[in-house]
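Hello,

Here is the structure you asked for. Please open it first, then read my notes below.

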Amino acid sequence: MKPLYDALRRYSSEASVVFHMPGHKLGRGFTPRGVFEDPALLDVTELDVTDDLHNPRGPLLEAQELAARAFGAGRTWFLVNGSSCGIFAMIAANCAAGQKILLARDFHYSAYNAMRFARVKPVYMPITITGTDMADAQHPARAYMPDAVLTPDSVERALFEHPDASAIYLTRPGYYGSVCDIEEITRQARRRGIPVLVDEAHGAHLIFSGRLPICALAGGADCCVQSAHKTLPAFTQCAYAHMSDRALSENPARAGRMAEALRAFQTSSPSFIFTAALDYAREYMSGQGAGDLDRLIDCCESFYADMSAAGYGVPAGIGFPSHNGMNNITKNRHGRDITRLVLSTRPVGLSGTETERLLWFKYKIKIEMSDPEHIVMITTVADNDGDFNSLRTALFEIASKNKNRKTPMNQTVLAAAQASGARAEISAPVFVEPDSTPDFIAELHAAKWFVTLGAAEGRVAADIVTPYPPGVPLICPGEIITLQMIRDIMSLQDGGIIIKGIREEDNTISVYDGWCGG
Ligand SMILES: Cc1ncc(COP(=O)(O)O)c(C=O)c1O
């Protein structure tokens, strides 16, 4: 019996179209198609002829140097354990224990774990929510949705209040494709002499088109990590870490610390299938990939126009092709990544989760994720016109079948909020001991127990609680669980969303009574 192997084989033969990661889309993005047909032939260990990930001197060094050039970096490291291990290394290399890091509450949970390991203290910057249903604006899940963005004003305020901060950490683009104004934020950071570290897990493709938001390094960041496996043709776990030329020359010791941290956080037996895929993705994107990305952007623009006509809600800032072929996105380098398709399904009378289920069970189309309001599709250069047409046809049909369902009330509220340009802020949750620093080992060994979610108000959370995907924590250890948090989690659960950190069999949450950080 091989239940997992069988499930994977069944899925890949059943799925007609996939709009999820990895970006090679069941192998179609590997052109010529056979390039990784027999990965077993590439699965060799670190030999003198293949090189060493932790001490590269031969072809791997050359491949990393070519990648640095292609991605506009001073130095690039290949990662075989996803962006997650790069985030650990980036935070550890740039912030010493006890120092403060400024970040918004839209981060992937790997960033929180990195701060716990490095014993770096998070200081949360509020996120601005625009034009949303204000009754819903305080829902922490809004922090990573399409209408949320970290503004330079918020960063400026945080820098003023915390002149001792050691770094700024940005998640850009977010899971829903939103991007903040990185150029202005890096200008502010430079004035204070602190580095900007960017989780660009969803943005490895940005540099390859002038029609997409500016990438982190071009926007002035010091360091960033990119999951090649999310938006490029590469295997799951393949990622890059980059350091800018300027950061390297200003502080060469930082690169040394980064390499040392990566030696600690990455396996000593790296898969050369992965490192070869990183080499392949760079070479492909530097050549034919740029033209393919241009075609993809055209497809996304016309897809959004069709979906808007069909009644779906599209994120603010999405422009449609005009008579001269230019659109808002082309002009707005800080708007959104148009290749991340996000549709609000409420206007057609369905929740995002219901729509995701229909797409799979009726049309065998698998998308990346849904929430009660939206569906999210990852598109890459491996998607073709046929894939877009299948998705378009299915969503047209779903909209027309459900158009007589009553439009939920909150659409009226939303329209009013959008018309009035309403803004709200999601601020940080409350720590039981605001001046403490997270400490993974102390927290791991602390006494904890499970209480039912309904009885958790006022307790101190002992685990990360997050809908997955996107893996953005709603609650982190050490935070006081509020009634609002409990309601928010329950409303996501009612919408069919699985929440990591809530024990499924009895709907309980891990808590401890005292904060155990130092
Ligand atoms: C914003 C963000 N950052 C980091 C990660 C971690 O990336 P990886 O899965 O490559 O480790 C993810 C994963 O989904 C993510 O969404």
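**Around the ligand**

A polar side-chain atom of S84 sits 2.6 Å from an oxygen atom of the ligand. That is a polar contact, meaning a pair of N or O atoms within 3.5 Å; within protein, one must be able to donate a hydrogen and the other to accept it, and residues adjacent in sequence count only if both atoms are side-chain atoms. Before you go on, note that this is a predicted model: local features need pLDDT of at least 70, side-chain atom pairs count only at pLDDT 80 or more, and totals for chains, interfaces and linings use all residues. Residues are numbered from 1 along each chain as its sequence is written, and side-chain values use heavy atoms, with hydrogens and water left out.

An N or O atom in the side chain of H202 is 2.7 Å from a ligand oxygen. For H229 the distance is 2.8 Å, again from a side-chain N or O atom to an oxygen of the ligand. The ligand alone exposes 390 Å², and the protein buries 90% of that (accessible areas by the Shrake-Rupley method with a 1.4 Å probe; for residues, only the protein chains shown count as cover).

The shell around the ligand has 3 nonpolar, 8 polar and 2 charged residues. Here Ala, Val, Leu, Ile, Met, Phe, Trp, Tyr, Cys and Pro count as nonpolar, Asp, Glu, Lys and Arg as charged, and the others, Gly among them, as polar. Helix α3 gives the most to this shell, with 4 residues. Helices (H or I, at least four residues) and strands (E, at least two) are DSSP runs, numbered from the N terminus.

**A bent helix**

Where does α10 bend? The bend is at G289, by about 65 degrees (the angle between axes fitted to the seven residues ending there and the seven starting there). S271 caps the N-terminal end of α10. Its side-chain oxygen lies 3.1 Å from the backbone nitrogen of I273. After α10 comes G311, with a positive phi near 110 degrees.

**A link across the sequence**

R28 and D387 form a salt bridge through their side chains (3.0 Å, N to O). The rule is a side-chain nitrogen of Lys or Arg within 4 Å of a carboxyl oxygen of Asp or Glu. R28 lies in the loop between β1 and α2 and D387 in helix α13, so the pair ties together parts 359 residues apart in sequence. By this rule there are 21 salt bridges.

**Backbone details**

The peptide bond from R172 to P173 is cis, with omega near -5 degrees. Another cis bond joins Y468 and P469, with omega about -15 degrees.

Best wishes
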